[in-house]
Amino acid sequence: MAAQLPLPNPMIPSLPTRSFNTSAALYADKKRMQAIMAGRKQKAATGESVRGGQKVTINKKSRPQKSGKLPEPGERKRLRKRIVLSNTNALEVEGMANLTPGMLTDARMVGRVVGLPGNVVDGLRASEAFKVNQGWGLFRHPSVLIREESVRVSELLQQADVKREMIRLAVDGDRGTGKSTILLHAMATAFLRGWIVLHIPEGKYSLRIYQLLLIMFSQLEMSPTQLPTTFLSHEQHPPFTPNQSTRLLG
Amino acid sequence: MTLDSLSNIMRNSEYRSPEFELIHAHDLALVNHFVDYFTGVKSLPNGGAIIGATSRSQAPVSPSMELALKQIEDRQAGRELTKKDSYCRSYDARVDQAMQDLELMRLRGLSKVEARGLMDYWAASGMLRSRVDEKTVAEKWALAGNGIVGEMERGALRMRI
């Protein structure tokens with residue numbers, strides 16, 4: 001026999017019972033339920049919070065528009081690569097002489113800083129001898145320190161001038177030891193003596209092939225030293241194929 | 001004729017021919033022009049100077065060029081020539097041959113006299129604010145790894161403490 005709960009005896013008074021769940025009683029009361037549902041629907045339709053309380057809406061912000069004038073093409077590159085050689089905030093160094101041909105091979109000049117004359121600076125600037133990361137823009141006039149090595153280079157150049165021979169020199173050293181500056185000194189010596197200077201400023205960029213020049217070169221069979229001055233459009237010429245005799249123009 | 005960053009020249013370029021063979025940097029016209037004179041294949045009739053400088057910052061390493069420079073230094077010092085590393089595969093035969101007969105100038109730090117002269121100039125220009133005497137010159141010289149100019153400039157001019 002299954003155990004059975006004792007049935008409530010109507011004769012014994014008992015405490016009013018409350019269930020945990022009010023839904024049952026609510027669903028039983030149909031009219032009240034219908035009124036509540038209607039009220040909820042109304043609120044949902046107007047956008048009010050069904051449970052009551054404040055409603056917060058977050059509007060999607062539009063992306064910030066870029067405003068302001070863009071720099072012209074080539075402007076940023078120009079600013080990046082510009083070389084400033086003079087700074088008027090720096091003091092004028094009295095008694096600093098300009099470099100002359102006589103000073104170049106004078107060993108007593110070692111340890112002195114000399115200024116570069118105007119025409120030499122023009123030539124150096126045109127040959128791209130000044131580098132952006134070097135501190136030229138800190139001082140009033142572009143000037144170089146004369147080192148033992150720079151005297152030696154000047155002597156070699158003088159020897160080449162006198163004997164009409166060709167000097168072939170490689171300059172090596174750790175980072176920051178002044179290799180590019182020695183090149184600059186050599187170029188300055190050459191300008192002072194009236195030599196022709198050809199400088200290839202960055203070996204990396206001399207390796208670029210200019211496609212238009214290649215095509216022209218192959219069509220017209222020019223020698224490498226005759227650089228064409230006009231650019232022809234790419235569409236007028238068939239694709240370039242190098243053969244044994246052509247040299248790629250870099 | 002001068003060239004900066006020699007190790008960019010002494011290797012294969014990034015380009016390939018239509019047959020997909022690597023093009024050596026020495027085959028590109030501008031480089032070829034320089035290298036012919038640098039190696040002595042062609043010569044300037046009235047004389048001149050061809051100077052190539054290496055670059056040590058952001059430059060590719062060319063083992064053949066490094067070896068050639070070491071050998072030139074050995075020859076100048078009268079030592080036995082440095083041998084090729086037998087385990088290195090990236091030697092370049094054309095570069096080996098090209099850089100045989102050159103003069104080498106290896107730059108080191110400045111001497112104290114030169115350093116003093118430079119620092120006097122900096123002080124006279126108003127860039128260097130400290131006194132320039134034996135002590136400060138020796139200090140900047142030593143901090144620059146025994147007088148390396150770039151480091152001296154950094155320590156004296158660019159670092160403003």
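Predicted model: local features only at pLDDT ≥ 70, side-chain atom pairs only at ≥ 80, totals over all residues.
A residue is called buried when its relative accessible area is under 20%, exposed when that area is over 50%, and partly exposed in between. By this scale A:Glu92, with a relative accessible area of 41%, is partly exposed.

**Chain B as a whole**

The secondary structure of chain B consists of six helices and five strands, and their order, starting at the N terminus, is β-β-β-α-β-α-α-β-α-α-α. Along the principal axes, the C-alpha atoms occupy a box of roughly 65 × 40 × 40 Å.

Of the 161 residues in chain B, 47% are buried. When contacts with a separation of 6 or more are considered, 57% of those in chain B are between residues 24 or more positions apart. Chain B carries 22 positive and 22 negative side chains, the centres of the two sets being 7 Å apart.

**Helix α1 of chain B**

Helix α1 of chain B spans residues 29–39 and is mostly covered, with nine of its 11 residues buried. Among the buried residues are B:Phe34, B:Tyr37 and B:Phe38, as well as B:Asn32 and B:Asp36. What do the buried residues of α1(B) pack against? Their partners come from both chains: β3 (166–173) and β4 (199–200) of chain A, together with β1 (2–4), β4 (48–53) and α3 (93–98) of chain B. After α1(B) comes B:Gly40, which has a positive phi, near 95°.

**Salt bridges**

Over all chains, a search of the whole structure finds 23 salt bridges.

| Pair | N to O distance |
|---|---|
| A:Arg140 and A:Glu92 | 3.3 Å |
| B:Arg94 and B:Asp27 | 3.3 Å |
| B:Glu66 and B:Arg56 | 2.9 Å |

In chain A, A:Arg140 forms a salt bridge with A:Glu92. A:Arg140 is in the loop between α5 (118–126) and β2 (143–145), while A:Glu92 is in the loop between α3 (75–81) and α4 (101–104), so this pair ties together parts of chain A that are 48 residues apart in sequence. A:Arg140 counts as partly exposed, at 26% relative accessibility.

In chain B, the side chain of B:Arg94 meets that of B:Asp27 in a salt bridge. Because B:Arg94 belongs to helix α3 and B:Asp27 to the loop between β3 (22–24) and α1, the pair ties together parts that are 67 residues apart in sequence. B:Arg94 is partly exposed at 37% relative accessibility, and B:Asp27 is partly exposed at 25%.

The salt bridge between B:Glu66 and B:Arg56 links helix α2 (residues 63–77), where B:Glu66 lies, to the loop between β4 and α2, where B:Arg56 lies, the two residues being 10 residues apart. Both are partly exposed, B:Glu66 with a relative accessible area of 22% and B:Arg56 with one of 31%. Which residues does the network of salt bridges that share partners join? The members are A:Asp172, B:Arg56, B:Glu66, B:Glu73 and B:Arg106.

Note on methods: Residues numbered from 1 in each chain as written. Chains lettered and ligands numbered in written order. Heavy atoms only, no water. Buried < 20%, exposed > 50% of the residue type's maximum accessible area, 1.4 Å probe, protein only. Helix = DSSP H or I, 4+ residues; strand = E, 2+ residues; numbered from the N terminus. Contact = heavy atoms within 4.5 Å. Lys, Arg positive; Asp, Glu negative; His and termini not counted. Charge placed at Lys NZ, Arg CZ, Asp CG, Glu CD. Salt bridge = Lys/Arg side-chain N within 4 Å of Asp/Glu carboxyl O.
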